[in-house]
Amino acid sequence: MASRIGILILAFLDFTRLFAPVYGFKHPQVYRVPKHQRNLYQTGDDFADLLKPFTGEQHAEPVFPVQEPQPKPVQVQVQEPENEPVQDIENKPARGGLREMFYKQSCPEAEKIVNQTIHKHFQIDPTYAAGFVRLFFHDCYVTGCDASILLDTTPTGEEVEKKARHNGPLVRGYEVVDDIKTELEKVCPGVVSCADILAFATRDSLVYSGVPSYAVVAGRRDARASLAANVEGNLPLPDSTAEDNIRLFQRKGMTLEELVVLVGAHSIGSAHCSVVAGRFHSKEKEKDIDRGYWLKMQTMTVCQSESQDVPFDPYSHHKMDSRFYKELLTNKALIESDHNLAREPRGNSMMKKLVDNQAGWIAKFTNAMKRLGETEVLVGDQGEVRKQCRAVN
């Protein structure tokens, strides 16, 4: 009797071994994910596959065929070739005969003096960064980067650029330029132009707002005239259409991408309440603005005075930040021209690539600033080097 029971037990054990592979106990083709790789594969649908019953049809391939992990979309954007032109631009020689280290022999401490003076003023007022970007842009886009915006008077006696309605109280930083010029004249009288001071000071201001330092070419000369009449038609307006601003940039030798990239400078600074208030108190324009933002801005744009400012980016208006594009892409633009550019199909596509790519945007931004600084410059024996920036010699 005992021997029969023993035979039955052995037969049963042999039977279970026969079907063991079907239940996956010891199947040689089942791919076991190593522990250090499980976070790559066992997520979402891949993890659900692990729970599926093992069938004979699956024997031809492992349950988890080995494959390269797919990068996340943001990582793909960082590696896209759109960033390559930045390197190309850096390798091109500056336009107009400008060059780096221009004052190496004639005034070797020039850039250091500019930086020290900017630092002194930034300790008092960090909003100078946005002020200098605007001052530099408004100078370069009228008659070129020639410091004509700094003149208080012109030999003809006509109204000067800084008095034009698109400048006036909207532009600031003149007193800082005066301070820099005074310090430079003590060390290198009659050497460093006011146009180059603007370029150096703008770069240093941006550095205080989180932009890595970049080389600035120099050799610009100063204009001998400044006319308010020249401003009209040469500056973007708060309500400009995307097409108007694209044409303006093309006329100055710059691209749509550079327009989109430079608009990102609105992540710092502010606009005068009186300039933007109409947009948030218009029933016609209400439909194009995010409802929550519109309600908030109705309160913020009850202007108490001409000097009241409203920040472009309420989250980080002292830091250059590509997340500002998120505001534009979600209909939360402070000024209408930014909103219009975000709705233009090509501009919209570019913003989407920049919004989560801080490093890529900064690289493009610094190159666009270099290009801006080469706009219609005076060089060689053109113009002059002013002894003081508010008046011709």
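A crossing of two helices is right-handed if the near helix is turned clockwise from the far one by less than a right angle, and left-handed if it is turned anticlockwise. By that rule, helix 6 and helix 9 cross in a right-handed way. The structure described here is a predicted model.

**Helix 6 and helix 9**

- Helix 6 spans residues 110–122, and its axis comes within 9 Å of the axis of helix 9.
- The two axes cross at roughly 50°.
- An α-helix has 3.6 residues a turn, so residues three or four places apart point the same way.

**Helix 11 and helix 18**

- The axes of helix 11 and helix 18 come within 9 Å and cross at roughly 110°.
- An angle of 65 to 115 degrees counts as roughly perpendicular, so helix 11 is roughly perpendicular to helix 18.
- Helix 11 contributes Glu257, Glu258, Val261 and Leu262 to the meeting of the two helices.
- Helix 18 contributes Trp361, Lys364, Phe365, Ala368, Met369 and Arg371.
- A salt bridge joins the side chains of glutamate 257 and lysine 364, with 3.0 Å from N to O.
- This pair links distant parts of the chain, since glutamate 257 is in helix 11 (residues 256–263) and lysine 364 is in helix 18 (residues 358–372), 107 residues apart.
- Glutamate 257 is partly exposed, at 28% relative accessible area, whereas lysine 364 is buried, at 7%.

**Other salt bridges**

- The whole structure contains 24 salt bridges.
- One of them pairs arginine 220 with aspartate 196, and their closest N and O atoms are 2.7 Å apart.
- This pair also links distant parts of the chain: aspartate 196 belongs to helix 9 (194–207), while arginine 220 lies in the loop between helix 9 and helix 10 (242–251), 24 residues away.
- Buried means under 20% relative accessible area, so arginine 220 is buried with its 3%, and aspartate 196 is buried with its 0%.
- Arginine 346 and glutamate 344 also meet through their side chains in a salt bridge, at 3.0 Å from N to O.
- Glutamate 344 is buried, with a relative accessible area of 10%.

**Helix 16**

- Helix 16 (residues 336–343) is mostly covered, with 7 of its 8 residues buried.
- The buried residues are Glu336, Ser337, Asp338, His339, Asn340, Leu341 and Ala342.
- Among the elements that cover these buried residues are helix 10, helix 11, helix 13 (283–286), helix 15 (324–329) and helix 17 (345–354).

**Asparagine 234**

- Asparagine 234 sits in the loop between helix 9 and helix 10.
- Asparagine 234 counts as buried, because its relative accessibility is 14%.
- A polar atom of the asparagine 234 side chain lies 2.7 Å from the backbone oxygen of asparagine 230.
- Neighbours within four places in sequence aside, asparagine 234 is in contact with Tyr141, Val142, Leu248, Arg251 and Lys252.

Note on methods. Residues numbered from 1 in each chain as written. Predicted model: local features only at pLDDT ≥ 70, side-chain atom pairs only at ≥ 80, totals over all residues. Heavy atoms only, no water. Salt bridge = Lys/Arg side-chain N within 4 Å of Asp/Glu carboxyl O. Helix = DSSP H or I, 4+ residues; strand = E, 2+ residues; numbered from the N terminus. Buried < 20%, exposed > 50% of the residue type's maximum accessible area, 1.4 Å probe, protein only. Polar contact = N/O pair within 3.5 Å; in protein donor to acceptor, adjacent residues only side chain to side chain. Contact = heavy atoms within 4.5 Å. Axes fitted to C-alpha atoms, helices over the stretch in contact; angles between N-to-C directions. Parallel < 35°, antiparallel > 145°, perpendicular 65-115°, else oblique.
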